[in-house]
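Here are my notes on the model you sent.

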Amino acid sequence: MEEPDPGLKADTDERAESPDFDALTPPEELVRGDRTRDDFFDAVLALDSPATAGEVADLAGHGVDAAREYLEWFDRMGIVTQVTESPATYRRNQEYLNWRRVQQLREQYATERLLDFLKDETERNETYAETFDVDSPDAVSIAAHASETDRSVEAVWEDVSTWKTTRRRIALLERALTTGSDDSADQRTAV
């Protein structure tokens, strides 16, 4: 075996020095940070209307080619649906996201805990119905109610928005309680 070129050999002094481990990037920082997939997923969640790959790329802060790849993958997964071909536009698949939330609820909480959540949200819904004297937040005239109750439009809008969120939670909790043929949620630890 031949000796390596002397210019490629380490000096004796270099071999004696140990690396400065404090100067190295900590492992947790190497794996932490904004991942491209998460950036695109966040961008898709922010969509209110169909968007092109370029628009999604802008929202995610990445290139259009990467956006196309992720959108195609999200489409195969059901996270988005393609709306048009040329140019290709995609919209968030809210039904998939709801399904995923239901699955997470079933995995994380026992049936008794889900029932407690549902009871609380149902009581909140009834309180809002009594407050606004209508059956649905969609039936509230925000400006008229603000004027009648001497409240700000913003305050009434916040209450109506919270009521809508309450009703969405009720729907998700009811689905979590009725989805699936077994009662495996009872096996979960109450959180």
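1. Where pLDDT is low, the predicted coordinates should not be read in detail.

2. The caution about reading coordinates in detail applies wherever pLDDT is low.

3. For the protein as a whole, the mean pLDDT is 84. Of its residues, 76% reach 70 or more.

4. How do helices H3 and H5 cross? Helix H3 covers residues 36-45 and helix H5 residues 64-77; their axes come within 10 Å and cross at roughly 70 degrees. Angles of 65 to 115 degrees count as roughly perpendicular, so H3 is roughly perpendicular to H5.

5. Which residues make this contact? From H3 come Thr 36, Arg 37, Phe 40, Phe 41 and Val 44. They meet Ala 66, Ala 67, Tyr 70, Leu 71, Trp 73 and Phe 74 of H5. Sorted by class, the contact of H3 with H5 has nine nonpolar residues, one polar and one charged.

6. Two backbone details deserve a look. The peptide bond from Ser 86 to Pro 87 is cis, its omega being near 0 degrees. Pro 87 sits in the loop between strand E2 (80-85) and strand E3 (88-92).

7. The other detail is at Asp 133, which is not a glycine but has a positive phi of about 60 degrees. Asp 133 lies in the loop between helix H7 (111-132) and helix H8 (142-149).

8. The largest pocket holds about 230 Å³ of space. Its lining consists of Gln 94, Asn 98, Arg 101, Thr 165, Arg 168, Arg 169, Ala 171, Leu 172 and Arg 175. Helix H6 (94-108) and helix H9 (153-178) are the elements that give two or more residues to this lining.

9. Which element gives the largest share of the pocket lining? That is H9, with six residues. By class, the lining of the largest pocket has four charged, three polar and two nonpolar residues.

Technical notes:
Residues numbered from 1 in each chain as written. Predicted model: local features only at pLDDT ≥ 70, side-chain atom pairs only at ≥ 80, totals over all residues. Heavy atoms only, no water. pLDDT = per-residue confidence, 0-100. 1 Å grid on protein atoms, 1.4 Å probe; cavity = no way out; pocket = protein on both sides within 12 Å on 5 of 7 lines; lining within 4 Å. Points joined across faces, edges and corners; volume = space filled by probe spheres on them. Helix = DSSP H or I, 4+ residues; strand = E, 2+ residues; numbered from the N terminus. Nonpolar A, V, L, I, M, F, W, Y, C, P; charged D, E, K, R; others polar. Axes fitted to C-alpha atoms, helices over the stretch in contact; angles between N-to-C directions. Parallel < 35°, antiparallel > 145°, perpendicular 65-115°, else oblique. Contact = heavy atoms within 4.5 Å.
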